[in-house]
Amino acid sequence: MNFIKSNILLLLCLATIQTHTMEQKQKKAIVIGASSGIGKAIAQELVKNNYIVGVTGRRINLLEELRQESPDKVVTQYMDVEQVEESRASLAQLIEKLG
(Lines give C-alpha, C1' and ligand atoms only; values in the text may rest on other atoms or scores of the structure.)
Protein backbone atom coordinates (compact mmCIF):
# COMPACT_ATOMS: atom_id res chain seq x y z
CA MET A 1 0.00 0.00 0.00
CA ASN A 2 1.53 3.30 -0.98
CA PHE A 3 2.00 6.26 1.37
CA ILE A 4 -0.90 8.37 0.07
CA LYS A 5 -3.40 5.50 0.19
CA SER A 6 -2.36 4.56 3.72
CA ASN A 7 -2.74 8.14 4.97
CA ILE A 8 -6.12 8.49 3.29
CA LEU A 9 -7.14 5.23 4.93
CA LEU A 10 -5.99 6.57 8.29
CA LEU A 11 -8.05 9.71 7.91
CA LEU A 12 -11.11 7.85 6.66
CA CYS A 13 -10.89 5.34 9.47
CA LEU A 14 -10.73 7.95 12.19
CA ALA A 15 -14.25 7.37 13.38
CA THR A 16 -16.00 8.90 16.33
CA ILE A 17 -18.39 6.73 18.25
CA GLN A 18 -20.59 8.38 20.84
CA THR A 19 -22.36 6.44 23.52
CA HIS A 20 -24.93 7.84 25.85
CA THR A 21 -25.08 7.02 29.51
CA MET A 22 -27.70 8.19 31.96
CA GLU A 23 -25.56 11.06 33.25
CA GLN A 24 -23.13 11.93 30.46
CA LYS A 25 -22.09 11.42 26.90
CA GLN A 26 -18.74 9.58 26.52
CA LYS A 27 -16.87 10.41 23.34
CA LYS A 28 -14.96 7.56 21.73
CA ALA A 29 -12.77 7.35 18.64
CA ILE A 30 -10.76 4.79 16.72
CA VAL A 31 -7.42 5.67 15.12
CA ILE A 32 -6.00 3.15 12.67
CA GLY A 33 -2.22 3.40 12.35
CA ALA A 34 -1.61 5.02 15.73
CA SER A 35 1.77 3.53 16.65
CA SER A 36 3.69 6.55 15.33
CA GLY A 37 3.54 9.73 13.28
CA ILE A 38 0.27 11.49 12.54
CA GLY A 39 -1.83 8.60 13.83
CA LYS A 40 -0.13 8.73 17.23
CA ALA A 41 -0.47 12.52 17.35
CA ILE A 42 -4.19 12.30 16.52
CA ALA A 43 -4.71 9.69 19.25
CA GLN A 44 -2.86 11.80 21.82
CA GLU A 45 -4.89 14.88 20.90
CA LEU A 46 -8.15 12.95 21.22
CA VAL A 47 -7.09 11.74 24.69
CA LYS A 48 -6.36 15.36 25.68
CA ASN A 49 -9.92 16.17 24.59
CA ASN A 50 -11.36 13.48 26.89
CA TYR A 51 -12.02 10.80 24.29
CA ILE A 52 -11.67 7.10 24.97
CA VAL A 53 -9.45 6.10 22.04
CA GLY A 54 -9.08 2.72 20.38
CA VAL A 55 -5.72 2.54 18.63
CA THR A 56 -4.50 0.04 16.07
CA GLY A 57 -1.23 -0.69 14.34
CA ARG A 58 1.32 -3.37 13.58
CA ARG A 59 3.81 -2.40 16.25
CA ILE A 60 1.94 -3.45 19.37
CA ASN A 61 4.85 -2.47 21.62
CA LEU A 62 4.48 1.16 20.50
CA LEU A 63 0.72 1.00 20.97
CA GLU A 64 1.29 -0.29 24.51
CA GLU A 65 3.61 2.67 25.21
CA LEU A 66 0.80 4.97 24.07
CA ARG A 67 -1.66 3.12 26.31
CA GLN A 68 0.67 3.49 29.29
CA GLU A 69 0.52 7.28 28.88
CA SER A 70 -3.26 7.17 29.56
CA PRO A 71 -4.25 3.64 30.62
CA ASP A 72 -7.85 4.59 31.38
CA LYS A 73 -8.37 6.29 27.99
CA VAL A 74 -6.52 4.11 25.44
CA VAL A 75 -7.46 0.64 24.20
CA THR A 76 -5.04 -1.20 21.88
CA GLN A 77 -5.59 -3.71 19.08
CA TYR A 78 -3.11 -5.23 16.63
CA MET A 79 -4.02 -4.56 12.98
CA ASP A 80 -2.18 -4.83 9.66
CA VAL A 81 -4.35 -3.08 7.06
CA GLU A 82 -2.72 -5.04 4.27
CA GLN A 83 -4.46 -8.13 5.71
CA VAL A 84 -8.02 -7.09 4.86
CA GLU A 85 -10.02 -9.92 6.42
CA GLU A 86 -7.94 -9.94 9.59
CA SER A 87 -8.30 -6.14 9.78
CA ARG A 88 -12.07 -6.41 9.70
CA ALA A 89 -11.96 -8.91 12.55
CA SER A 90 -9.52 -6.73 14.51
CA LEU A 91 -11.73 -3.68 14.07
CA ALA A 92 -14.76 -5.63 15.30
CA GLN A 93 -12.78 -6.76 18.36
CA LEU A 94 -11.71 -3.20 19.08
CA ILE A 95 -15.27 -1.90 18.82
CA GLU A 96 -16.32 -4.64 21.25
CA LYS A 97 -13.55 -3.64 23.68
CA LEU A 98 -14.64 0.01 23.52
CA GLY A 99 -18.20 -0.98 24.34
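Colleague: Leaving aside its neighbours within four places in sequence, with which residues is Gln-44 in contact?

Modeller: Contact here means heavy atoms within 4.5 Å. With neighbours within four places in sequence set aside, Gln-44 is in contact with Leu-66 and Glu-69. Before going further, note that this is a predicted model, in which local features need pLDDT of at least 70 and side-chain atom pairs count only at pLDDT 80 or more, while totals for chains, interfaces and linings use all residues. Residues are numbered from 1 along each chain as its sequence is written, and side-chain values use heavy atoms, with hydrogens and water left out.

Colleague: Where does Gln-44 lie, and what is its relative accessible area?

Modeller: Helices (H or I, at least four residues) and strands (E, at least two) are DSSP runs, numbered from the N terminus. Gln-44 belongs to helix 2. For accessibility, buried means under 20% relative accessible area, exposed over 50%, and partly exposed in between (1.4 Å probe, protein chains only). Gln-44 is partly exposed because its relative accessible area is 27%. Its C-alpha lies 9.2 Å from that of Ala-34, a residue 10 places away in sequence.

Colleague: How many helices and strands does the chain have, and in what pattern?

Modeller: There are four helices and four strands. Along the sequence they follow the pattern α-β-β-α-β-α-β-α. Of the 99 residues in the chain, 33% are buried.

Colleague: Which residues of helix 2 are buried, and why can they be said to line one face?

Modeller: The buried residues of helix 2 are Gly-39, Ile-42, Ala-43, Leu-46 and Val-47. The test is an arc, taken from the directions from the helix axis to the C-beta atoms. Seen down the axis of helix 2, the buried residues fall within an arc of 135 degrees, so they line one face of the helix. On the other side of helix 2, Gly-37 and Lys-48 are exposed.

Colleague: Why does Val-47 count as buried, and which residues does it touch?

Modeller: Val-47 is buried because its relative accessible area is 11%. Beyond four places in sequence, Val-47 touches Val-53, Ser-70, Lys-73 and Val-74. Val-47 and Ser-70 are 23 residues apart in sequence, yet their C-alpha atoms are 7.7 Å apart in space.

Colleague: What is meant by a nonpolar core, and which members of the largest one touch the most others?

Modeller: In soluble globular proteins, nonpolar side chains tend to be buried together. A nonpolar core is a set of buried Ala, Val, Leu, Ile, Met, Phe, Trp, Tyr and Cys residues joined through side-chain atoms within 4.5 Å. The largest core here has 13 residues, of which Val-31, Ala-34, Ala-43, Leu-46, Val-53 and Val-55 touch the most other members. Two or more residues come from each of strand 2 (25-32), helix 2 (37-48), strand 3 (52-57) and helix 3 (60-69). Helix 2 gives the most, with four residues. Apart from this core lies another, of six residues, including Ile-30, Ile-32, Ile-52 and Leu-98.

Colleague: Which residues does Val-53 touch beyond four places in sequence?

Modeller: Val-53 touches Ala-29, Val-31, Ala-43, Leu-46, Val-47, Lys-73, Val-74, Val-75 and Leu-98.

Colleague: How does the same reading apply to helix 4, and which of its residues are buried?

Modeller: The 15 residues of helix 4 should span 21 Å, and the end C-alpha atoms are 21 Å apart, which agrees. The buried residues of helix 4 are Ser-87, Ser-90, Leu-94 and Leu-98. Seen down the axis of helix 4, they fall within an arc of 75 degrees, so they line one face. They pack against strand 2, strand 3 and strand 4 (74-78). The face of helix 4 turned away from its buried side carries the exposed residues Glu-85, Arg-88 and Glu-96.

Colleague: With which residues is Ser-87 in contact, neighbours within four places aside?

Modeller: Ser-87 is in contact with Met-79, Asp-80 and Val-81. Ser-87 counts as buried because its relative accessibility is 10%.

Methods
The expected span of a helix is 1.5 Å times one less than its number of residues.
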